[in-house]
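Good morning, and thank you for the time. I would like to take you through one structure and the contacts that hold our attention in it.

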Amino acid sequence: MMGDGELNEGQVWEAAMAVPHFGLGDRIIAIIDRNGIQNDGFADDIMKTNPVEMWRGFGWHVIECDGHDMAAVDQALAEAERHTTSPAAWWATPQRVKASASWRTTWIPREGATEQQIAQALDEIGGGLK
Amino acid sequence: VTASAAPAAATREAYPHALIQLVEEGVDVVALDADLSVSTMGYQFGEKYPERWHSVGVAEANMVGIAAGYAATGKTAFIASFASFLPGRCFDQLRTSVAQPKGGMNVKCVASHGGVTVGEDGASARPSKTSPSRLRSSRLT
């Protein structure tokens with residue numbers, strides 16, 4: 001399981017090219033949590049790429065699904081398990097980015113959100129965890 | 001450099017102040033981070049001199065190469081990350097791109113969060129296997 005910021009690292013792509021080459025598609029599923037944000041800022045601001053097409057280019061069968069929809073998650077994982085001839089990358093859609101409009105445009109630094117930012121985000125997702 | 005931060009400041013708190021001071025003294029500084037700029041405090045230098053700083057993402061090896069390139073154009077390049085990643089993840093790039101070119105490349109490596117452990121950041125950020133002797137053996141000072 002990887003974050004989208006983690007996909008910056010070259011080692012990921014060395015593995016991504018090796019797995020199809022060595023025919024390991026029947027035993028490896030890569031899960032990527034695409035929340036669109038990393039320590040230094042938004043993933044697209046730090047290193048903008050097209051990672052879905054990159055995984056496909058390396059020979060992976062990419063399944064995109066809504067990480068908030070557990071039925072879709074189940075279905076995606078089942079499809080990934082069935083896909084034994086090429087590796088499957090299961091791709092969750094943004095979580096934090098989807099949850100709140102204000103957090104889509106505000107970088108929450110590593111120390112965490114302020115109380116005001118949390119309150120605003122909870123309001124935007126309809127009361128959230130109250 | 002004598003950092004102008006408070007006398008009791010942590011090393012990382014002094015780091016961006018030292019970079020700013022160097023620029024004010026006329027040194028052509030470029031500083032890079034690899035997705036840990038809030039921890040290294042490098043982002044504070046970026047706020048002051050955005051044209052002289054950027055984050056390259058979670059890509060320490062590439063950060064070393066970029067810094068060597070900047071140094072080749074005459075700039076003084078600073079790169080910062082946790083000791084477990086710099087030099088931990090990019091020893092080879094430091095050796096071949098920074099230390100081995102004739103005369104060495106003017107790249108300053110700032111390895112923060114050394115020591116025995118870094119607490120809640122977990123095992124991958126723990127620097128205990130990053131020995132300075134590895135660097136000395138390869139013409140790095």
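**The interface and the cores**

Between chain B and chain A, nine residue pairs are in polar contact, both partners having pLDDT 80 or more. A polar contact here is a pair of N or O atoms within 3.5 Å; within protein, one must be able to donate a hydrogen and the other to accept it, and residues adjacent in sequence count only if both atoms are side-chain atoms.

Please note that this is a predicted model, in which local features need pLDDT of at least 70 and side-chain atom pairs count only at pLDDT 80 or more, while totals for chains, interfaces and linings use all residues. Residues are numbered from 1 along each chain as its sequence is written, chains are lettered from A and ligands numbered from 1 in the order in which they are written, and side-chain values use heavy atoms, with hydrogens and water left out.

Let me stay with the interface. Contact, meaning heavy atoms within 4.5 Å, joins 15 residues of chain B to 12 residues of chain A. The side of chain B that touches chain A takes its largest share, three residues, from helix 2 (residues 37-40) of chain B. Helices are DSSP runs of H or I with at least four residues, strands are runs of E with at least two, and both are numbered from the N terminus. The buried area, that is, the accessible area (1.4 Å probe) that two parts lose on being put together, summed over both, is about 1,100 Å² for chain B and chain A, and carbon and sulfur atoms give 41% of it. B:Asp35, B:Val38 and B:Val58 supply 46% of what chain B buries against chain A, more than any other three residues.

A:Glu9 sits in the loop between strand 1 (2-3) and helix 1 (10-21) of chain A. Its relative accessible area is 11%, so A:Glu9 is buried; buried means under 20%, exposed over 50%, and partly exposed in between (1.4 Å probe, protein chains only).

B:Arg89 also forms a salt bridge with B:Glu60, again with closest N and O atoms 3.5 Å apart. B:Arg89 lies in the loop between strand 3 and helix 5 of chain B and B:Glu60 in helix 4, so the pair ties together parts 29 residues apart in sequence. B:Arg89 is partly exposed at 35%, whereas B:Glu60 is buried at 3%.

Finally, the interior. A nonpolar core is a set of buried Ala, Val, Leu, Ile, Met, Phe, Trp, Tyr and Cys residues joined through side-chain atoms within 4.5 Å. In the largest, of 16 residues, B:Met63, B:Val64, B:Ile79, B:Leu86 and B:Val107 touch the most other members. Helix 4 of chain B gives the most to this core, five residues. A second, separate core of 14 residues includes A:Leu7, A:Trp13, A:Trp55 and A:Val62.

Definitions and conventions:
A salt bridge is a side-chain nitrogen of Lys or Arg within 4 Å of a carboxyl oxygen of Asp or Glu.
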